[in-house]
Amino acid sequence: MASNFKNASYTFTSTDTDQTIYTADGAGQHTAVVHSMFFANKHASSNCAITLKIADSSAGSSRVVLNKVPVPPNTTLSLDKTLNLEVNDSLVVQSSRVECDVVTSILELTTCLLYTSPSPRDRG
């Protein structure tokens, strides 16, 4: 198996609307591991409320990880527990304010096909 680190980020442009920031859908990709997520509230005086969901493609449903968690002004909420994504699963976020950014660190795991020429015993 091969692996690749990737950062996904999003700056909110609308409030209280689901936004997909990452989908585990690369060619040959099996899974992805979300190592950390950071939600930065850039507003000087108001909280923003963050919601994070995993859209589970195989189950056809979404699961809430964070539900309207307040992030105080000029601070960052750090989520440092891993989340595992299967192929076609997505990270979906929303914020109560547009002055919020999200950055996530993801380890993508992909299948590596190894080609070997036939051995003499296979020729025969």
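Trainee: Is Cys-48 buried or exposed?
Mentor: Cys-48 is buried in this predicted model, with a relative accessible area of 1%.

Trainee: What about Cys-100, buried or exposed?
Mentor: Cys-100 counts as buried, at 0% relative accessibility. Cys-100 is likewise in no disulfide, and its nearest cysteine sulfur is that of Cys-48.

Trainee: Changing topic: in what order do the strands of the open sheet lie?
Mentor: The open sheet has four strands in the order E2-E8-E4-E5, and their pairing is antiparallel. Strand E2 (19-23) and strand E5 (61-71) are the edge strands, each pairing on one side only. From one strand to the next, the twist averages 20°.

Trainee: What holds paired strands together?
Mentor: Strands of a sheet pair through backbone hydrogen bonds, in either a parallel or an antiparallel manner.

Trainee: How many bridges join E4 to E5?
Mentor: Eight bridges join strand E4, residues 48-56, to E5, and the two run antiparallel. For orientation in the structure, Lys-53 stands opposite Val-64 in E5.

Trainee: What does Met-37 touch?
Mentor: Not counting residues up to four places away in sequence, Met-37 touches several residues, among them Ile-21, Leu-52, Leu-77, Leu-91 and Val-102. Its contacts also include Ser-78 and Thr-104.

Trainee: Next, strand E7: which residues are on its covered face?
Mentor: Leu-83 and Leu-85 form the covered face of E7, whereas Asn-84 and Glu-86 form the uncovered one.

Trainee: Why would neighbours in a strand end up on two faces?
Mentor: In a regular strand the side chains alternate between the two faces of the sheet.

Trainee: And Asn-84 itself, buried or exposed?
Mentor: Asn-84 is exposed, with a relative accessible area of 57%. Leaving aside its neighbours within four places in sequence, Asn-84 is in contact with Ala-32 and Val-33.

Trainee: Which residue is the bridge partner of Val-33 in E7?
Mentor: The bridge partner of Val-33 is Asn-84. Four bridges join E3 to E7, and these strands run antiparallel.

Trainee: How far is Asn-84 from Leu-107?
Mentor: Their C-alpha atoms are separated by 9.6 Å, and the two residues are 23 residues apart along the chain.

Trainee: Last topic: how many aromatic pairs are there?
Mentor: The count comes to one aromatic pair. The pair consists of Tyr-10 and Phe-12, with ring centres 5.2 Å apart and planes at 85°, so the pair is edge-to-face.

Trainee: Is Tyr-10 buried or exposed, and what about Phe-12?
Mentor: Tyr-10 is buried, with a relative accessible area of 18%. Phe-12 also counts as buried, at 2% relative accessibility.

Conventions:
Residues are numbered from 1 along each chain as its sequence is written. This is a predicted model: local features need pLDDT of at least 70, side-chain atom pairs count only at pLDDT 80 or more; totals for chains, interfaces and linings use all residues. Side-chain values use heavy atoms; hydrogens and water are left out. Two strands pair if DSSP finds at least two bridges between them. Axes are lines fitted to C-alpha atoms, for helices over the stretch in contact, and angles run from 0 to 180 degrees between N-to-C directions. Rings of Phe, Tyr and Trp (its six-membered ring) pair if their centres lie within 6.5 Å; planes under 30 degrees apart count as stacked, over 60 as edge-to-face and the rest as tilted. Buried means under 20% relative accessible area, exposed over 50%, partly exposed in between (1.4 Å probe, protein chains only). A disulfide is a pair of cysteine sulfur atoms within 2.5 Å. Contact means heavy atoms within 4.5 Å.
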